[in-house]
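Here are my notes on this one, for when you have a minute. Have a look at the model first, then go through the points below.

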Amino acid sequence: ASRLFHPEDTVIATAHSRIGGSHFTLMAGPCSVESAEHVLAMAAVAKRSGATVLRGGAFKPRTSPYSFQGLGETGLQALRRAADQYDMDVLTEVMAPEQVALTAQYADILQIGARNMQNFALLKAVGQTRRPVMLKRGLAATIDDVLNAVEYILAGGNSQVMITERGIRTFDNKYTRNTLDVGAVPVLQKLTHLPVVIDPSHAAGHTEWVTPLALAGTAAGASGLVVEVHDHPAAALSDGAQALLPEQLQTLAQQVQRVRTAI
Ligand code: PEP
Ligand code: MN
């Protein structure tokens, strides 16, 4: 992953997106795939804001085992159909090595969630695929922990990996769910040639803080954003408290363009 071995930026190419280098990629969608109708409506919203990647979880890493766990393969099918309808790529989480083959049938980008960043069996499993991988920084992972986790994927021969800063645990997570480490963006970009993107939603935990964190990450030079959006957050099956409304996503996308022009 080091720039010493690969000075140029890696640009990940999917059917509808370029991620890394001078490109900026907007990835948006609901936290969870809730139904075929809902994810289709959210795909339309994401597309309208300029997103080229549709995110949505079908296998959900919930803090409580009694919370909604995701629709599984039914969710993957709905996500794929929604993305195809709007010429978008699918980004979705895979939680266990035995889910990798199934998920890779539907997804363009495999997400490794923060809680699984050091699940080495899972990292090896996605390293064996040739699907791009989004590796999310663990809740208490150092920069070197992240880079070592990346190496597990690269060592399997899969060179298409992006890193997502999604907020870490600090001493004060009363007002924000996590603390967005904006400094990780330039630091990682110096150390590695791989794309670095920001997830302001899981860092913020509350809708109100998502936009300022997204703009800060953009200003710091991130290669893209992954943002949760929902048309009826109070009824969302997961992470409603941090979802942007469709019109808020639209405004954010316009503000991101202005920040990109300014830097
Ligand atoms: C998610 O993307 O919905 C998610 C659970 O993310 P994280 O692993 O960063 O908490
Ligand atoms: Mn979520």
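**Notes on the fold and the ligand site**

1. Overall size first, bearing in mind that this is a predicted model. A compact globule of 263 residues would have a radius of gyration near 18 Å, and the protein comes out at 17 Å, so the two agree. The C-alpha trace spans about 45 × 45 × 40 Å along its principal axes.

2. On the make-up: there are nine helices and 10 strands. Of the 263 residues, 51% count as buried. If you take contacts between residues at least 6 apart in sequence, 66% of them join residues at least 24 apart.

3. Now the inside. The largest nonpolar core has 78 residues, and Leu-54, Leu-79, Val-126, Leu-135 and Leu-225 have the most contacts inside it.

4. Is strand β8 (residues 161-165) enclosed or open? Five of its five residues are buried, so the rest of the structure largely encloses it. Val-161, Ile-163 and Glu-165 sit on one side, with Met-162 and Thr-164 on the other, and both faces are covered. β8 runs parallel to β7 (residues 133-136), joined by four bridges.

5. Lastly, the ligand. Lys-136 stands opposite Thr-164 in β8, and Lys-136 is also one of the residues around ligand 1. Others in that shell include Cys-31, Arg-115, Arg-166, Asp-199 and His-202. By class, the shell has three nonpolar, three polar and four charged residues.

Key: Residues numbered from 1 in each chain as written. Chains lettered and ligands numbered in written order. Predicted model: local features only at pLDDT ≥ 70, side-chain atom pairs only at ≥ 80, totals over all residues. Helix = DSSP H or I, 4+ residues; strand = E, 2+ residues; numbered from the N terminus. Rg over C-alpha atoms; globule rule 2.2 N^0.38 Å. Buried ≥ 20, exposed ≤ 12 C-beta atoms within 10 Å, placed from the backbone. Contact = placed C-beta atoms within 7 Å. Core = buried A, V, L, I, M, F, W, Y, C linked by C-beta atoms within 7 Å. Near = placed C-beta within 6 Å. Nonpolar A, V, L, I, M, F, W, Y, C, P; charged D, E, K, R; others polar. Pairing = 2+ DSSP bridges.
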